[in-house]
Amino acid sequence: MFETLSDRLTSVFSSLRSKGRLSDADIDATCREIRIALLEADVALPVVKTFVAQVKERARGVEVSQALNPAQQVVKIVNDELIEILGGETRRLRYAKNPPTVIMLAGLQGAGKTTLAGKLARWLRDQSHTPMLVAADLQRPNAVQQLQVMAERAGVAVYAPEPGNGVGDPVAVARQSIDHARRQQHDIVIIDTAGRLGIDQELMKQAADIRDAVSPDEVLFVVDAMIGQDAVSTAQAFMEGVGFDGVVLTKLDGDARGGAALSVRHITGKPIMFASTGEKLEDFDAFHPDRMASRILDMGDILTLIEQAQKTFDEQEAAKMASKLASGEGFTLEDFLEQMMMVQKMGPIKNLLGMMPGMGQMREQINQVDDRDLDRIAAIIRSMTPGERQNPKMIDGSRRARIAKGSGVTVTEVNGLVTRFFDAQKMMKRMAGGMGIPGMPGSRKANKAAQKKAAKGRRVSGDPRKAALGKGSSDSAAPDGAPKPGGALGKLGAGQLPPGLELPPGFDPSKFRLPGQK
């Protein structure tokens, strides 16, 4: 959603990197470009003015004028101000001292409240809670049925005593749900309320009545990140009519400019608590201002990537797979398929690549990545027999034709997969042996360098006097590495020198002192 804003800001900062010092004119030009980028991204004008003023003030301060790299310092200032606009710190849910904790969802129709209720319930279930959904949207057709389906998919309970479609009292349903949750020992209640296509008095009155009936611990305002500047006016209306404690952004995976999402927190003063980034139930997480700012500035989001990997991969399985990778040939097509399925569970490949720093410059290539390619690879591997997966070397021409027919691809695609797998296997084997990596144990280059160094140390000089000195020096070390008494000169009187160069009788080399020595 923030691709356009990210591209504009990245191009602004790239022009600063060639400057050793920033003049006032450079700062003014940079702030002007930042202002244009934010306005084009649909950020509210009051927010843009505040943001640019803060950046300009700090950019003219000591932290930039005395910095070794002013361009990096300006990027840091913009990053800090973006984090501040987005809320500063991550806001966590407040839980009731005496369960159940009541969470009420409010917002316009079409913002995605019902779907978000299922996502939030699943997220809380993964946090070891026992949430219950409450169908208090009794006006919209099939809203109750939709919530029941979401609850089933999320694996949580649902309280829906009324059929909906205009039948039933939503305030009574919300009030009764609290007692029902206590009896069923649910520690969290999520109330899905009705919305309207626009702000009206009936909507506000019903939402306020439900709020007064259940006294929620958290009122979350659900806003569609794609509605532009209407997000700000709608948020202000709900703030005045009902009041809310936090904001939830939905449809962040859309292609709208999305700058209004940056404005909601600044205008209302309420933090963004959650963000929905896709249609699946798992495409939902707590909102981290610092991570979102890093994404906008094309600095990646490694922490979220690590968290997703930790949720998906089992530590014991990862260790087992690492040992197979180290063995090279121990890694089979069956293992490759298993790892590929794990990566797919983490989310779309484009999203994962987008979390890597600097990937904004490769957005066109990333957009060409198609997850269906992984599905084709999985189909090819699943069309093989268990023996063929364990030992791909046995896949000859006739087997490849059978695999291609079974997976619905061409023989060329099967050949390409098998060839790339063998190449990857060889690479893993070389990496495991340290081949080509200086300093790695087992590295051929390291071994050759050590042998060459050892041979150089054993080299005997053509000069007999130097040869004798070298031999005496090598013999002077004790087994434990300590030098023998007398040092290297202690052996020189024992017939070690050639005829005519013997030391005088009775000369003790260990007592020899150079001028200035005591």
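Modeller: Glutamate 81 counts as buried, because its relative accessibility is 10%, where buried means under 20% relative accessible area, exposed over 50% and partly exposed in between, with a 1.4 Å probe and protein chains only. The side chain of glutamate 81 meets that of arginine 58 in a salt bridge at 3.2 Å, N to O; the term denotes a side-chain nitrogen of Lys or Arg within 4 Å of a carboxyl oxygen of Asp or Glu. This pair links distant parts of the chain, with glutamate 81 in helix H5 and arginine 58 in helix H3 (residues 45-59), 23 residues apart. Helices are DSSP runs of H or I with at least four residues, numbered from the N terminus. Arginine 58 counts as partly exposed, at 22% relative accessibility.

The model is predicted: local features need pLDDT of at least 70 and side-chain atom pairs count only at pLDDT 80 or more, while totals for chains, interfaces and linings use all residues. Residues are numbered from 1 along each chain as its sequence is written, and side-chain values use heavy atoms, with hydrogens and water left out.

A further salt bridge joins glutamate 334 to arginine 389, with the closest N and O atoms 3.1 Å apart. Since glutamate 334 lies in helix H15 (residues 333-345) and arginine 389 in helix H19 (residues 386-390), the pair ties together parts that are 55 residues apart in sequence. Here glutamate 334 is partly exposed at 29% relative accessibility, whereas arginine 389 is buried at 14%.

Helix H19 also holds glutamate 388, which is paired with arginine 402 of helix H20 (residues 397-407), 14 residues away. Glutamate 388 is buried, with a relative accessible area of 0%, and arginine 402 is partly exposed at 36%. Elsewhere, salt bridges that share partners join Asp24, Asp28, Lys56 and Arg60 into one network. The count of salt bridges comes to 18.

Note on methods:
Helix = DSSP H or I, 4+ residues; strand = E, 2+ residues; numbered from the N terminus.
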